[in-house]
Amino acid sequence: MTKEQILKILEMPDEAFQKEEMPKAREVKRLHDNTLYGTAMLGYTNICRNQCLYCGMRASNRIPRFSLPKEDVLESVMLAKERGFTRVFLISGEDPKHHFADLLWLTERIAGNGMRLSLACGEHERSQFRELADAGAAEYVIKFEMSQKEMFDYMNPSTTFEKRMAAIEAVKDSGMDLASGNIIDYPGQTREMIAQDILLMKELEISWAPVVPYMPAMGTPLQQQGAKPGSRILALKEIAVLRQMMPDIRITAQQPGDDLTKGLADAQGNLDAIAAGADILFCDLLPEAKAQAFRVVDDRKLKNEEHLHKMADESGMTLSL
Ligand code: SF4
């Protein structure tokens, strides 16, 4: 799609979008593989040295902090494997005390056990991405968040757009799959900026679009400035565009519904995202108290695998763990 074609969908009246575009995107997914990808997810440290303006885990935010020893992370992942999961997603803040050597240690053991490992552990040196790839990591998630340099530099004062894009290129060169995407409908973003973001995802040949509407996280500068939650329907429009442009990528279905207090595992939000072409859901391996403290956004509330089975049944998809 051209930028103009993307914009036409992003700007469609909501009802027309739901009637015309959503079914088209769902049909692309149905014809491609109609599989819902359930993935075990573990946020192993919520300590972060960075100060992204929108993130509930930013360094100066007052939340309960934790960092799991590598042995505990491995044990949780192996328990998930026993429950039937073949894919695992490890995610962390940029925790200066969690050493890269530990991440390599985990990567070797998890990949060595035959699991497909995706990592989202921040910016690293080019050589380190190569080491992770050599140790068996299959995919690295590093979002560009927004494709406009000035906005990125404002929202992410601990890094720069150049550094982020260099890290993204380094992931691609390492041989790992690249997962990347944007935040949808944060304050100051226009439809045209979203269209630019979508075109960048296409250009980067991403394997997974970890996209989600902006949700104000307590105590963050954006929330304190009175930022409102991003539009759910706009997120569905982006998902439908992405699915039609890239039939074989994963797209996050863990999306909020109308009631934001139900978090990202709201059945209505997830089913709507699936109806727009999304296809990946998570099962959180963290105990409840820690899961609630792993709060890039508030009220994440990711549920267990029964939720994955229910979503697959209700959407007529085949669940793959
Ligand atoms: S978005 Fe990531 S890097 Fe930025 S503050 Fe949050 S956890 Fe840290």
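In strand 4, the residue that forms a bridge with Leu119 is Tyr140, where strands, like helices, are DSSP runs numbered from the N terminus (at least two residues of type E for a strand, at least four of type H or I for a helix). The model is a predicted one, in which local features need pLDDT of at least 70 and side-chain atom pairs count only at pLDDT 80 or more, while totals for chains, interfaces and linings use all residues. Residues are numbered from 1 along each chain as its sequence is written.

Strand 3 and strand 4 (residues 139–141) run parallel and are joined by 2 bridges, two strands being paired if DSSP finds at least two bridges between them. Strand 3 (residues 116–120) also pairs with strand 2 (residues 87–92), again in the parallel sense, over 5 bridges. Between strand 2 and strand 3 the chain passes through helix 4 (residues 100–112), and this β-α-β crossover is right-handed, a term used when, with the strands pointing away from the viewer, the path from the first strand over the helix to the second runs clockwise. A right-handed β-α-β unit is likewise made by strand 3, helix 5 (residues 126–135) and strand 4.

The largest nonpolar core has 84 residues, and among those with the most contacts inside it are Val88, Leu90 and Tyr140. Such a core is a set of buried Ala, Val, Leu, Ile, Met, Phe, Trp, Tyr and Cys residues joined through C-beta atoms within 7 Å, and a residue is buried if 20 or more other C-beta atoms, placed from the backbone, lie within 10 Å of its own. Helix 10 (residues 232–245) gives the largest share of this core, 7 residues. Not counting residues up to four places away in sequence, Leu90 touches Leu42, Tyr44, Leu106, Leu117, Leu119 and Cys121, contact meaning that the C-beta atoms, placed from the backbone, lie within 7 Å.

Val212 lies in strand 8 (residues 212–213), and Val212 counts as buried because 21 C-beta neighbours are found inside 10 Å. Leaving aside neighbours within four places in sequence, Val212 is in contact with Ile183, Ile184, Ala235, Thr252 and Gln255.

In helix 11 (residues 267–275), the buried residues include Gly269, Asn270 and Ile274, and the cover over the buried residues of helix 11 includes helix 10, strand 10 (280–284) and helix 13 (305–315). Helix 11 is followed by Gly277, whose phi is positive, near 115°.

Terms used:
A residue is buried if 20 or more other C-beta atoms lie within 10 Å of its own, exposed if 12 or fewer, and partly exposed in between; C-beta atoms are placed from the backbone. Two residues are in contact if their C-beta atoms, placed from the backbone, lie within 7 Å.
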